[in-house]
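Thanks, everyone, for making the time this morning.

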Amino acid sequence: MSSSKRRVSYFYQGDVGLHYYGPGHPMKPHRLRMTHQLILAYGLYRKMEVYKPKMSTNQQMQKFHSEDYVDFLSKINPDNMKMYTNLMQKHNVGEYTDCPVFDGLYEFCQLYTGCSMDAALKLNHGLTDIAVNWSGGLHHAKKMEAMVFVTIVLAILELLKHHPRVLYIDIDIHHGDGVEEAFYVTDRVMTVSFHKFGDFFPGTGDIRDVGVKTGKYYSVNVPLQEGIDDMSYQTIFRPVIDKVMEIYQPTAVVLQCGADSLTGDRLGCFNLSLEGHAQCVEFVKSFGLPTLVLGGGGYTVRNVARCWTYETSVLLNTDISNDIPYNDFFEYYSPDFKLHLTPSTSMDNVNSKDTLEDITARVLQNLKCIRGAPSVQMHPVPPDWVLNRVTAQEVEDNQPDASTKSEQALNSHGGIKKEHEAEFYANNKDQDQVDPGAGKSVDKQPKSSVDVSATDTGKMEVEEDGKKQDDAVEMSDVSVEMTNDVTENTSNNDSSGSAQMEEE
């Protein structure tokens, strides 16, 4: 186990917390803004590398999700829902599902997925040891079914380009069914989920579900019951994870830290404190492996922000005060304005010691069926999902002095300023030239494309047939030619008009 200080990177997109699922829906992206503000207030950002990643693209999402599903998400909005009734039923999206249609739905998916993808890239290239994206961690989505729109699987697939074995650990109160299903038949990813099992969403995650074919015994499910406390949770978490590390020998870890397993959660029924939840993070961190730390569930927003802020401090080996510092959402933490939570004394722990020991023994017995860490045949490393496109805004940022004269410059509405290819034709290439014999405008298509752009020296660079000409043309010369054309056209029109008046 490694105890040395490790590099921590933090990935955050400010707009992700501005989205709104709708009234009555328990998922509140606003919790991400609260978490970020608390991290800022405690000064934890000073000890991390902070990144604002780009949004993911359709092609990235289609690495796992089907093309028609991604296309559907990119097109649907509250105004055109009626046009997609059949597809909404097919993809489990709509008013009576956990995935309603709201403004900016697809952008929301692109934002949090882009954070996870960039975090995985940093880990792949050894640019960080621990990558944190609290907006990630949505673990229910399937290949063609929403559940939570877009899933963690995309980040794991990116890690698999460089890592032969990836361990996925899920401490959300809900079973990580989407991730398990994605890797159910492979030994490249081992999924370990600690969750409430029984009459509880999504209803999967039986201890007997161990995977099939090549993936047999690489799906580990630890079913728990309501009321489990810190001590009981650690008696089963530590031995299972310790054995998994010993047998599977992962080269990278993805840790999903759903905060709905905390005490007092709006939908959850566990009784964990912040310390108990964070002990899982600290234990996984102690193995010294490249680790992607994600958020997940959590429906009491003030407790979610408390949890993920505290766990950020744990990842940084930094002690923080129990008194919450003033921040933009300070009033949310009333009446005590304290960081840590007190577990409920009225909630019974249904998980008996004997039951937990039996579950632990069965899980460890299944792990013994794995004969050594699986190996991977050597193969070329697939390319990274690097976004090479340069946006118009980046052009202006990189060349502020030339921004107003660049073809890529932005106008006041955010659009790209671009002159039409027929904007500045002269002489016989002028499309508005008038035939003096007919007195009518004749459209003449240019034989070659001419691109004229002004420079700071008052000259114009002419590009013809795709080749740049080195000779600069003085602005005055071009103006004279254009003036002559206008004068000639006006004279022709006047003479033609006079002839018509004489005939009348």
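Before the numbers, a word on how the axes are defined: an axis here is a line fitted to C-alpha atoms, for helices over the stretch in contact, and the angle between two axes runs from 0 to 180 degrees between N-to-C directions. Please keep in mind that what you see is a predicted model.

With that in hand, helix α8, residues 230-248, packs against helix α9, residues 274-285, at an angle of about 15°, and their axes lie 10 Å apart. Angles under 35 degrees count as roughly parallel, and α8 and α9 are therefore roughly parallel to each other. The crossing of α8 past α9 is right-handed. On the α8 side the contact is made by Asp230, Tyr233, Gln234, Phe237, Arg238, Ile241 and Asp242, and on the α9 side by Gly276, Gln279, Cys280, Phe283 and Val284.

Turning to the next pair, α9 packs with helix α10, residues 301-315, at about 35°, with the axes 10 Å apart, and α9 passes α10 in a right-handed crossing. Here Leu274, Glu275, His277, Ala278, Val281, Glu282 and Lys285 of α9 meet Arg306, Cys307, Tyr310, Glu311, Val314 and Leu315 of α10, a set that divides into 7 nonpolar, 1 polar and 5 charged residues.

Note on methods: Residues numbered from 1 in each chain as written. Predicted model: local features only at pLDDT ≥ 70, side-chain atom pairs only at ≥ 80, totals over all residues. Heavy atoms only, no water. Helix = DSSP H or I, 4+ residues; strand = E, 2+ residues; numbered from the N terminus. Parallel < 35°, antiparallel > 145°, perpendicular 65-115°, else oblique. Left-handed = near helix turned anticlockwise from the far one by under 90°. Contact = heavy atoms within 4.5 Å. Nonpolar A, V, L, I, M, F, W, Y, C, P; charged D, E, K, R; others polar.
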